[in-house]
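Q: I am new to this structure and would like to learn how to read a helix and its surroundings; could you take me through the steps slowly?

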Amino acid sequence: MIALAIAALVGGGLLAPATAADRDGRGDADRPAAHGSSTGVRADDLKGWAAAQRSADAERRAAKSARPTAENRTSKPGKLSEERASATGRQARTAPRAAEPGEAKTLVLYDTAGPFGHLGELYAMGVANLGGHFGTVTTKPVQEYTPELMESYDATVYIGSTYYSEEIPDAVPEDFYLDTLLSERPVIWIGENIWNMANSISLQEFQYRYGWDPTSSFYETDGSVGEISRVDYKGQQLTRKIPVGQDAGVLHPHITAGAGGPQVTEVAQAVDTAGGTTKTSPWALRSGNLTYIGEIPFTYVSETDRILAFQDMLFDALAPQTAEQHRAMVRLEDITPLSDATSMRAIADYLKSKNIPYGINVIPVYSDPKGVQNNGVARTVRLSQRPALVNTLKYMLANGAVLMDHGYTHQYGNADNPYNGLSADDFEFFRAHVDATDTVIYDGPATEDSAEWAQGRVTAALAEFARVGLPKPRLWVTPHYAASATDYRVFAQNFEARMERPLYFAGTLTGEPSDSSRYLGQFFPYPVTDVYGTKVLPENLGSYEPEAHNNNPPRLAADLVKNAKANLAVRDGFASFYYHPYQPVEPLQETVEGIEALGYTFVSPESLL
């Protein structure tokens with residue numbers, strides 16, 4: 001499995017079984033599921049895709065070298081767009097006015113051809129989810145583009161994930177190439193096939209408007225894609241970590257504009273450290289209406305990754321007047337009926353002393369069907385059996401907290417899913433197992449998964465909250481951040497938003513049956529309305545985890561603050577994390593005050609509803 005979205009996909013993860021059994025019966029050992037670098041794309045897919053891109057790019061380079069230099073140069077610079085526009089009855093467009101906040105319309109186009117065509121839908125969902133922060137989003141396979149379609153949208157994003165060549169004929173309509181040239185509306189082009197646009201409209205015309213030559217821009221230099229380990233953007237050094245053999249590289253644009261030519265702006269810079277030397281090249285360029293990003297930034301992503309640059313660049317196209325502001329959020333995780341009220345009060349008092357609003361993520365029913373923490377005797381404990389804990393929860397709600405529902409039991413029957421059947425250790429709405437390498441592997445939705453089944457668990461959870469006099473939660477957090485598309489829609493019918501890192505399954509955009517073996521896991525730097533039509537609030541820093549587990553390294557307070565610093569690259573972004581209340585107060589204090597020192601202001605999750 002390989003990462004399309006994040007290095008620690010499920011930020012609400014797990015403890016190894018032996019460690020869970022030593023948690024003194026608290027049952028609140030939620031840890032990042034060691035889905036490590038996995039988001040549902042097979043490793044062979046990414047390796048094969050990267051190899052195919054490198055091979056196709058080498059063939060294009062060879063063909064370029066064999067062609068006469070003057071090929072495709074049949075029109076005078078600056079004339080072809082006028083001639084094409086006249087021939088098609090089109091006119092060069094004037095720049096539109098910026099959309100009102102929250103009302104931008106985005107068109108997302110994606111590839112479907114070739115042996116890795118299924119990747120296009122996954123990447124398109126990633127872009128569409130982010131576009132849901134700014135307004136409405138329409139997604140289409142690129143071959144369905146029709147003349148002047150982009151003029152109905154505030155911006156268009158094309159994700160070039162299929163390298164069109166002699167083996168795979170170009171599926172991008174010439175109308176899209178021409179409209180990109182003629183339009184004044186922003187176009188963000190990610191990855192492949194920009195050279196095909198130049199060949200289609202003529203290289204001179206492309207250079208005349210955009211100031212660089214894609215036909216002589218390649219992923220490799222000196223026979224290698226190098227070791228691009230960093231992307232610099234807006235003063236932040238963003239990480240880029242891709243395993244050896246799976247890196248298809250970043251396109252090195254050949255800038256040709258000279259004095260008097262179009263202005264070419266290097267929006268972000270790729271840093272290559274191969275061979276112990278440092279070389280730089282553009283990671284993203286902007287000229288005219290076109291922003292070009294030299295790779296698809298949804299692979300092997302972490303909380304400090306170059307994906308942050310893309311997430312911020314969307315503001316330039318969809319909400320350019322957005323003011324700089326940085327907000328933070330924190331929630332207390334995995335509170336069960338067996339959680340310790342004393343430690344929770346200590347944390348609540350600290351947060352109150354700092355005037356920090358926060359969420360409390362509560363599992364209303366604790367289940368230990370195998371007696372893992374009860375000498376082999378099965379045990380179930382409800383909130384209604386813990387009046388002192390309920391009193392503490394009410395104290396928190398009266399002093400800055402908001403209630404969040406974290407499932408019903410946060411485990412699955414009496415099955416090891418993947419560990420021991422214990423609440424907060426195991427998945428509730430998804431099946432999983434631990435493989436021989438100590439990695440958590442997703443197996444798919446529960447056998448009985450359906451809207452009725454998911455609704456039954458939600459209804460039971462809400463009934464338990466009502467039974468003890470707690471308010472109906474407005475926010476939901478999926479146990480271990482994993483559920484089916486059906487489940488996510490059920491959650492949306494019961495709660496105003498989720499605060500998590502969701503899974504998005506192949507078939508969602510095409511209307512095909514959901515494919516649980518292919519999915520995108522994603523976290524967000526700002527609130528979005530996703531492709532399920534549901535609102536998702538950000539959790540993008542992870543949690544304090546002082547011990548390694550399931551191939552995931554420890555994450556300390558300093559790491560969370562470092563993650564928050566990288567997220568300053570997003571002009572209206574959040575630093576959102578969670579904390580287990582069985583941990584001491586001091587790491588929470590270090591995290592909160594470190595994030596505040598960066599200029600973030602803590603807000604309540606409910607303030608975003």
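A: Let us begin with the word contact, which means that heavy atoms lie within 4.5 Å. Please keep in mind throughout that the model is predicted.

Q: Which elements cover the buried residues of α14?

A: The cover over the buried residues of α14 includes the strands β12 (327–335), β26 (574–579) and β27 (601–602), together with the helices α9 (341–353) and α13 (557–566).

Q: Which residues of α14 are buried, and why do they line one face of the helix?

A: An α-helix has 3.6 residues a turn, so residues three or four places apart point the same way. In α14 the buried residues are Pro587, Leu588, Thr591, Val592, Gly594 and Ile595. Because these buried residues fall within an arc of 165° when seen down the axis of α14, they line one face of the helix. The face turned away from that buried side carries the exposed residues Glu586 and Ala597.

Q: What span should helix α14 have?

A: At 1.5 Å a residue, the 13 residues of α14 (residues 585–597) should span 18 Å, and this agrees with its end C-alpha atoms, which are 18 Å apart. Just after α14, glycine 599 takes a positive phi of about 105°.

Q: Is threonine 162 buried or exposed?

A: Buried means under 20% relative accessible area, so threonine 162, at 5% relative accessibility, counts as buried. Threonine 162 sits in the loop between β3 (155–160) and α5 (174–182), and among the residues it touches are Asp111, Gly117 and Glu192. Although threonine 162 and glycine 117 are 45 residues apart in sequence, their C-alpha atoms are 6.5 Å apart in space.

How values were computed. Residues are numbered from 1 along each chain as its sequence is written. This is a predicted model: local features need pLDDT of at least 70, side-chain atom pairs count only at pLDDT 80 or more; totals for chains, interfaces and linings use all residues. Side-chain values use heavy atoms; hydrogens and water are left out. Helices (H or I, at least four residues) and strands (E, at least two) are DSSP runs, numbered from the N terminus. Buried means under 20% relative accessible area, exposed over 50%, partly exposed in between (1.4 Å probe, protein chains only). The expected span of a helix is 1.5 Å times one less than its number of residues. The arc is that of the directions from the helix axis to the C-beta atoms.
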